[in-house]
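Visitor: I am new to this structure and would like to go through parts of it. Please show it first.

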Amino acid sequence: MPEAFHEEEILGKAYDSRLMRRLLHYLRPYRGVVALAFIAIFFYGILQAVPPYLLKLEVDRYLDPAGRRQMPHFLLRLLSPNPFTGILEIALLLLLPCVLLAFALEFGQSFAMQLVGQKVMYDLRNQIFAHLQRLQISYYDRNPVGRMVTRVTTDVDVLNDMFSSGVVAIFGDFFTLLSILVVMLKVNWKLALLTFSVLPFIVLTTMAFRKAVRESYRRIRIAIARINAYLQEHITGMATLQLFNREERSYEEFEEINRAHMKAYKDSILAYGLFYPTVEFLGILAVAIIIYRGGVMSLRGAVTLGTAMAFIQYSQRFFRPIQDLSDKYNILQAAMASSERIFKLLDTPVTITDPEKPRELPEVQGRVEFRHVNFAYQDHHLVTENVSLVIEPGETVAVVGHTGAGKTTLTNLLLRFYDVTDGRILLEGIDIRQLRLRDLRSNFGMVLQDPFLFSGTIASNIRMGTPWITDEQVRRAAQQVNILDFIESLPEGFDEPVKERGVTLSTGQKQLLSFARALAHDPRILILDEATSSVDPETEALIREALRSLLRDRTSLVIAHRLSTIQNANKIVVMHKGRVREVGTHRELIEKRGIYYKLYQLQYKDQELPAVRSET
Ligand SMILES: Nc1ncnc2c1ncn2[C@@H]1O[C@H](COP(=O)(O)OP(=O)(O)OP(=O)(O)O)[C@@H](O)[C@H]1O
Ligand SMILES: [Mg+2]
């Protein structure tokens, strides 16, 4: 079993007081409604014992002369002496209101609790999403997307089941059981005990049922998680899958996972299929015993006819809540497991947060300093080692180096997507960990290697919800990065819808939009990570031209593979295997004949090759 699914394996207890207390906390804002639901279900439970008793009254008072003699005096006085009026009274004045009231109470309870369940789900989902937003990026490196989606959807749904049909309904069944039990014992304890004689068998059946369902439930959970993960990955990678003609293989893999899911369900279907008829059978057995014993006792005059008849009804009513309770047990168990997973997510500590006593950031000039920075994503494998680097206000500093040298990592650290393992990063001389995240990040504009667009419109993707950016500024930013013509050629211009992840745009177009996005926000410090890697040389030249003026009074950190784009930088930093190996201007580094020189030579050669060929 892949490690990724171990969380789904948590089975947990059906009742865990620690989890339950925490869950009930979510009911707090709605405690008034919940209290009403409890009161309703309490009376509903009591009402369940009434109809059989009314039957007994009718039979004993009006239909069986022997019964009347045994009736308590106050009941005799309560009902009319005329049998026809009396029977009408019982039906119309006692039974009907009782049934109507039970109906109203059940409706009220179920409506209230469904409503509360939805409200709790709403609160919980908001809370989980808010927490996800605060979690550091390293959490997302470790946890697959599918898992988090499952937490916010499936797991929350399961909790809803518990709130809406579990918690209160359990008490409902319990009250029903209790009131029937009390009345039975009170009316005739011998017959009552006879009814209960099948209980041990029911307990045994229930235990076996729970065990089977529990195991099958665990396997279903794992299978669902695997199906989700498999679908997620293979739908995202559909083009690659088709390219490599993997359809058949993938189909077989999927079929296997899917089959495991079906098999797991088959077991639970068998368990349910056996359990309900068994309990039903035992219940009917109890009724049969009562029909026989009650009949005999009634013939011998030990009980009235009314009592015998009422007991038949009681024994029928007695087993329904028991059956329900085992179903509720499964709901509870699922809810405990889900809440365990949800709380685990909610309890994941947010390690990158605002400091307790944040320092105020002075007017940002744009001085950035890395001081002996060590960093490892995981374990102890250092990705940057003793990196020191100063960017003075207004300077353009370029970072170059091989793939995987640690360039993007530097920007991740600067924006506190990750925190340094050792050393410090300073903005205006202040350790960035002493600043509010919002203060820190709002000073940076960033164009990424892999731009991300949200569904919305072109304009909304440039503005990113920042209120002070005017339409004019959005337009100007687009113009500066030379994408205005393209936008205006779209049917709806700036209001053209952008699909999820910007799938309808080319990578270069996405990059330009993300460029415009950064510029529109007019940041003090601009970070460009391979920002023009996907646009054609002509567009790149235009952007570079535009940037020249834009970068003039701005600090910028430019990461580039194409060395031709950074020759004018004030400083070029050469990273190699996580270390800063060379620092200087283009000219200085060329003269040094070190790593930069080699990189430059290589690229120079690459660029010249086609030209050489075309000449020959
Ligand atoms: N989220 C991550 N978790 C673990 N390791 C990572 C993570 N991101 C990057 N790395 C590792 O850190 C090292 C540096 O990666 P980084 O992205 O900083 O390289 P880069 O210099 O930007 O490369 P490129 O030029 O390809 O963009 C690489 O060896 C990479 O495998
Ligand atoms: Mg990179």
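Visitor: Which residue in strand 4 is the bridge partner of arginine 371?
Guide: This is a predicted model, in which local features need pLDDT of at least 70, side-chain atom pairs count only at pLDDT 80 or more, and totals for chains, interfaces and linings use all residues. Residues are numbered from 1 along each chain as its sequence is written, chains are lettered from A and ligands numbered from 1 in the order in which they are written, and side-chain values use heavy atoms, with hydrogens and water left out. Strand 1 (residues 368-375) and strand 4 (residues 422-427) pair in the antiparallel sense over five bridges; strands (E, at least two residues) and helices (H or I, at least four) are DSSP runs numbered from the N terminus, and two strands pair if DSSP finds at least two bridges between them. In strand 4, the partner of arginine 371 is arginine 424.

Visitor: Which residue of strand 2 is the bridge partner of phenylalanine 370?
Guide: Strand 1 and strand 2 run antiparallel and are joined by five bridges. Within strand 2, phenylalanine 370 has as its bridge partner leucine 389.

Visitor: In the hairpin of strand 4 and strand 5, which residue takes a positive phi?
Guide: Strand 4 pairs with strand 5 (residues 430-431) in the antiparallel sense over two bridges, and leucine 426 stands opposite aspartate 431. The hairpin has two residues between the strands. The residue with a positive phi, near 55°, is glutamate 428.

Visitor: How many bridges join strand 11 to strand 12?
Guide: Strand 11 and strand 12 form a hairpin with two residues between them, and lysine 577 in the turn has a positive phi of about 45°. Valine 573 has valine 583 of strand 12 as its bridge partner. Strand 11 (residues 571-576) and strand 12 (residues 579-584) run antiparallel, and the number of bridges that join them is five.

Visitor: What volume does the largest cavity have?
Guide: On a 1 Å grid over the protein atoms alone, a cavity is a set of points where a 1.4 Å probe fits but cannot get out, and a pocket is an open set with protein on both sides within 12 Å along at least five of seven lines; lining residues have an atom within 4 Å of a point. Grid points are joined across faces, edges and corners, and a volume is the space filled by probe spheres set on the points. A search of the whole structure finds one cavity of 30 Å³ or more, and its lining includes Leu413, Tyr418 and Asp431. The volume of the largest cavity is about 40 Å³.

Visitor: Which helix gives the largest share of the lining of the second largest pocket?
Guide: The second largest pocket holds about 540 Å³ of space. Of its 26 lining residues, those closest to the centre are Arg544, Leu547, Leu551, Thr565 and Ile566. Two or more lining residues come from each of helix 20 (537-550) and strand 10 (555-559). The largest share, four residues, comes from helix 20.

Visitor: Is threonine 411 buried or exposed?
Guide: Threonine 411 lies in helix 14 (residues 407-414), and its side chain reaches the backbone oxygen of threonine 408 at 2.7 Å. Beyond its neighbours within four places in sequence, threonine 411 is in contact (heavy atoms within 4.5 Å) with residues including Met446 and Ile559. Buried means under 20% relative accessible area, exposed over 50% and partly exposed in between (1.4 Å probe, protein chains only). Because its relative accessibility is 0%, threonine 411 counts as buried.

Visitor: How far apart in space are arginine 125 and aspartate 157, C-alpha to C-alpha?
Guide: Arginine 125 sits in helix 6 (residues 83-134) and counts as partly exposed at 27% relative accessibility. Leaving aside neighbours within four places in sequence, its contacts are Val152, Thr153, Val156 and Asp157. Arginine 125 and aspartate 157 are 32 residues apart in sequence, and their C-alpha to C-alpha distance is 10.0 Å.

Conventions. A polar contact is a pair of N or O atoms within 3.5 Å; within protein, one must be able to donate a hydrogen and the other to accept it, and residues adjacent in sequence count only if both atoms are side-chain atoms.
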